[in-house]
Amino acid sequence: MAYATINPYNNEVVKEYPYATEQELQAALATGHALYKKNRKQPVAERAAILHNVAAKLREHSAELARACTIDMGKLLRESEGEVELVAIIADWFADHGEEILTPEKVKTIATGSAEIRHSATGIVMMVEPWNFPYYQIMRVFAPNFIVGNPMILKHAANTPTSAKMFADIVAEAGAPEGSLTNLFLSYDQVTEAIEDPRVQGVALTGSERGGTAVAEAAGKNLKKNTMELGGMDPFIVLGDANMDDVIDIAWRARLYNAGQVCTSSKRFIVMDNVYDQFVEGLKEKFSKVVPGDPLDPKTSLAPMNREKAKNKLQKQVDDAVAAGATVVYGNEPIDLPGQFFMPTILTDIDKNNPAYSEEMFGPVAAVYKVHSEEEAIELANDNPYGLGGIVFAGDADHGAEVAAQIETGMVFVNNFMVTLPELPFGGVKLSGYGREMSHIGEMAFVNEQLIVKTDKPNLDNVAGGLVATDPA
Ligand code: NAP
């Protein structure tokens with residue numbers, strides 16, 4: 001059974017789901033395509049009203065949704081509750097601003113008449129999403145594309161099927177027409193089959209390089225536009241004049257939030273020599289205070305990882321790092337609980353040849369580097385295959401922003417925790433992928449930017465370069 005909810009706190013198999021059938025996939029494609037045709041004639045405001053209903057339904061069912069998310073993938077219940085509220089905020093934002101973003105753009109031109117670019121739907125979007133934020137990852141694609149009028153087929157991660165089903169049920173309950181979001185428990189081959197279908201016109205994936213490469217290959221082979229939101233090894237740079245109380249207060253959260261399983265978790269702490277010892281001591285102290293336990297219990301502050309496979313992979317990465325010369329400053333000891341717990345761990349002395357230097361560790365493991373100048377910090381931050389996000393702590397925020405501008409990533413936050421909100425574009429460069437989700441940029445990911453030039457009368461004297469059939473001699 002490929003799709004299953006297995007509670008990572010106690011390993012209980014809660015529910016299994018069979019793969020979608022060929023008929024279900026074909027029905028989703030047919031329903032989605034028919035809806036796309038209908039949406040092209042529907043005023044955007046009608047979809048905006050439905051999207052507000054989606055937000056209201058999410059809030060109404062917040063408690064059940066949060067619980068299901070925690071049981072699916074293990075995050076702390078309060079983090080699941082926060083995620084449900086965030087997805088409602090995203091839905092409301094696109095309902096309020098989505099239509100304005102689609103306003104036709106006038107183009108100044110020397111062509112005869114007037115020109116404008118209209119933004120319209122293109123067809124079904126196939127979305128492939130990961131388990132780490134089971135609702136948020138769906139909403140990042142769903143809200144903008146629902147406003148645009150693109151129907152969606154969702155293939156969620158194999159370990160978060162209950163959250164996927166509940167999200168799709170909420171969308172239906174809010175009054176979205178059938179086909180707006182069809183959740184299917186697809187195999188990898190069925191995802192490829194969907195991408196090959198001419199009714200599918202866009203592909204959005206969030207996940208690892210492994211998943212991204214496979215899905216982008218299928219999209220490229222079939223000339224389908226795609227966005228890839230992949231992994232990251234975000235740097236957290238601490239300059240010598242940073243406020244160290246703020247630094248420590250944010251640093252441990254930036255690594256342990258969601259049990260360290262966030263694409264934009266701070267995975268590499270790059271710290272100036274004059275504050276290095278203070279930083280390591282502070283991080284150790286914070287890491288030592290977290291309490292592992294049932295993520296449904298409000299007293300718990302360290303959640304289990306999402307599944308056994310992930311924990312085993314992280315343990316192997318830490319073992320390999322240590323074998324290659326890294327020092328364990330804190331952690332890397334077993335936690336005596338049956339669930340998939342990993343003790344927060346701090347590694348130092350990672351040199352360029354260590355696999356940990358350039359491999360993403362998707363769990364509560366912090367790599368800390370000492371640097372002796374700002375230039376060295378920036379060079380180290382950029383000496384990495386990924387380019388997703390980052391944090392800079394500096395005594396002066398303007399100076400921090402200058403440093404941020406030299407970091408080769410898609411998003412950098414100065415003197416604060418990284419936030420994600422609907423108005424802020426989300427995405428990266430290098431192996432972290434391409435394209436942006438959310439914001440006005442994300443809404444344009446799968447639209448037809450259609451040029452329309454109109455005039456009351458043709459003017460053959462005004463055709464640039466005379467590129468027109470001439471009269472017969
Ligand atoms: P993953 O293995 O790539 O899985 C993500 C999704 O892709 C899942 O639905 C998975 O399905 C599917 N998938 C994988 N291989 C596929 C294939 N060959 N064909 C079709 N679908 C395929 O990613 P993960 O390791 O679970 O997720 C963690 C990764 O995601 C990390 O690297 C993290 O940094 C990244 N991430 C990035 C962002 C961002 O916005 N940039 C956000 C969150 C996470 P199955 O579950 O069935 O395998």
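This report describes a predicted model, from its sheet to its cores and cysteines.

## Ground rules

Residues are numbered from 1 along each chain as its sequence is written.

Seven strands form an open sheet with mixed pairing. Their order is S12-S13-S14-S11-S10-S16-S17. Strands (E, at least two residues) and helices (H or I, at least four) are DSSP runs, numbered from the N terminus. Two strands pair if DSSP finds at least two bridges between them. Strand S12 (327-330) and strand S17 (413-414) are the edges, as each pairs on one side only.

Strand S10 (residues 234-238) pairs with strand S11 (residues 266-272) in the parallel sense, over five bridges. Val 238 has Val 271 in S11 as its bridge partner.

## Helices on the sheet

Helix H11 (residues 308-323) packs on the sheet. It touches S12, strand S13 (345-348) and strand S14 (365-371). Contact means heavy atoms within 4.5 Å. The direction of H11 makes about 30° with that of S13. Axes are lines fitted to C-alpha atoms, for helices over the stretch in contact, and angles run from 0 to 180 degrees between N-to-C directions.

Helix H12 (residues 374-382) lies across S10, S11 and S14. H12 runs at about 165° to S11.

## The nonpolar cores

A nonpolar core is a set of buried Ala, Val, Leu, Ile, Met, Phe, Trp, Tyr and Cys residues joined through side-chain atoms within 4.5 Å. Buried means under 20% relative accessible area, with a 1.4 Å probe and protein chains only. The largest core has 121 residues. Leu 51, Met 139, Phe 142, Leu 181, Phe 236 and Phe 279 touch the most other members. Helix H4 (residues 77-101) gives the most to this core, ten residues. Domain 1 (3-230 + 432-452) and domain 2 (234-414) both give residues, so the core lies between them. Domain bounds come from an automatic or database domain assignment.

Beyond its neighbours within four places in sequence, Phe 279 has contacts that include Val 238, Phe 269 and Val 271. A second, separate core has 22 residues, among them Leu 25, Leu 29, Ala 218 and Met 228.

## Cysteines

Cys 69 is buried at 0% relative accessible area. Cys 263 is buried at 13%.

Note on methods:
Predicted model: local features only at pLDDT ≥ 70, side-chain atom pairs only at ≥ 80, totals over all residues. Heavy atoms only, no water. Buried < 20%, exposed > 50% of the residue type's maximum accessible area, 1.4 Å probe, protein only.
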